[in-house]
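Here are my notes on this model, for you to read alongside the coordinates. Tell me if anything looks off.

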Amino acid sequence: AAAVAVDARLVGDLAKFTVIGLKTHASTLTSTDLASLVEAVRDLKLCSSMSDGTKLAEDIARAVERGVDTFDWQACGRLDLAIEDVVSAQDVERLRESLNARGKEVCDAVDAKRLDVERGAADALLSLSGDYSALTAPFDANAATMLVVDDRYRLVTKKLRRVGWQTTMWQRFSCGEHAKGASWLERDDGNLEPFATAVVRMPPTKSSLDMVLHAVAANVRFGGRVWIYGAAAEGVGAVVADLPKGMFKDAKLKMLNAEFGVVRCVRTQDAAGKRGKALKSWREKKTLDLSSVIPATKAGKRVKDATMSWTSYPGLFAGGGLDIMTSALLRQFLPTLERKDAPRVLDYCSGNGVIAAATKLIAPKAHVTVLDADACALDACKKNLPDDVERALSDGWMSLAPDAAFDIIVSNPPVHLGVVVDFEITRKLLDALPTRLTATGAAYLVTQQYVPMRALARDVSSSIDINVARADGRFVVWKCARKS
């Protein structure tokens, strides 16, 4: 591709090499190889650069058809996009059906393992024995209080209760219908005594771990034991070095195996300070500059004051700022708005409200709702956005009224749960579009180009059209609408 950029005369030779390569290596091409090949053929327009381009397109179609049952989800996503400009329209329809069926199958298999890391980390904690065990029964009722942090799937809490611990749970993220997230530990039991001990599921970032451990230190008695459990891939091996200085001692790492481990430490007598007492001490004051994504009006004028003061917290996506994928999404979505418009807009997985802020700049009358499972994200939204923006702390759609529908839904949905690939959030979003979009509404979603969105939307394909609105070779903005 780099050579062709210098000398276009090489295109014909590359087309010939591609035909020969498909024949010679047909039995050894991996799904990644094939996806890269088809993308190169598309980008270099090789099928139109040779006299027998139709033959090359047919060879590619056969190679995709032959290997589809072995493709991983990334290859399914990449090929779903690439084949449209390479093979015939008839072959596109046929191959896309096979690719999306395979994509759904492998995504189902991925989601079936989405909690494997959570279970492995919990097993590491629960398998500790002797003096290191968290399952040792408390000595008496006065020493039986335990703070459980972020056991959102209740993998350890029930077992701790069975041996006599009186557990109090705190989790930042809402999970399911009854497990509401909280941005900070607020005790509602009327007990002002510190906890005897605590167990902490390791957060995904170093900064959010620091915030959690300050809160734990402020709420666990001196001499109380604290367990922090997680996966090697999450950095559990670095936790001992990352503990807040002076607040914990006797820290030791115990690995269950090469993948999961636990750090056990003891609370010292040093005070946690103001950073352990309130969320506001963790607010990060920043500046959000939206000038690069705010479109000009029809008269050629740009919105004034596209730069604003901005609040974030540790652990928010992209550091709580404007990332490259959200920029691509806004450049596609914002030009559809008019200043006089008052659509009902949902910012799904809003973070601290970047999309909502841009929407209100263009259409101040828009009725905007921000939705996120992260309580800290919603707290930041309260600081960042106008008072008329509604906030929904929710795991998916659970906190919204069953009949709530929107003219526009915008999202940069995550496809990872920590270090694990996880399509559940994106699927929840797609599956609800037939009822959550108004009859003339549209959803704009941005993903990496290898995420197989049509495969993930397969269950609602009879009622939702999903099409590419923008693609740049790295990211794709999808436009979804109800079928008439």
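**Notes on the model**

1. Let's start with the cysteines: there are zero disulfides in the structure, a disulfide being a pair of cysteine sulfur atoms within 2.5 Å. Bear in mind that this is a predicted model, where local features need pLDDT of at least 70 and side-chain atom pairs count only at pLDDT 80 or more, while totals for chains, interfaces and linings use all residues. Residues are numbered from 1 along each chain as its sequence is written, and side-chain values use heavy atoms, with hydrogens and water left out.

2. Cys175 counts as buried at 16% relative accessibility (buried means under 20% relative accessible area, exposed over 50%, partly exposed in between; 1.4 Å probe, protein chains only). For Cys381 the closest sulfur is in Cys376, at 11 Å, again too far for a bond; Cys381 is buried too, with a relative accessible area of 2%.

3. Now the cores (sets of buried Ala, Val, Leu, Ile, Met, Phe, Trp, Tyr and Cys residues joined through side-chain atoms within 4.5 Å). The largest nonpolar core has 71 residues, and Val216, Val226, Ile228 and Leu290 have the most contacts inside it. Leaving out residues up to four places away in sequence, Val216 touches Leu147, Val149, Ala198, Val200 and Val226 (contact means heavy atoms within 4.5 Å). Another core, apart from that one, has 32 residues, including Trp73 and Val460.
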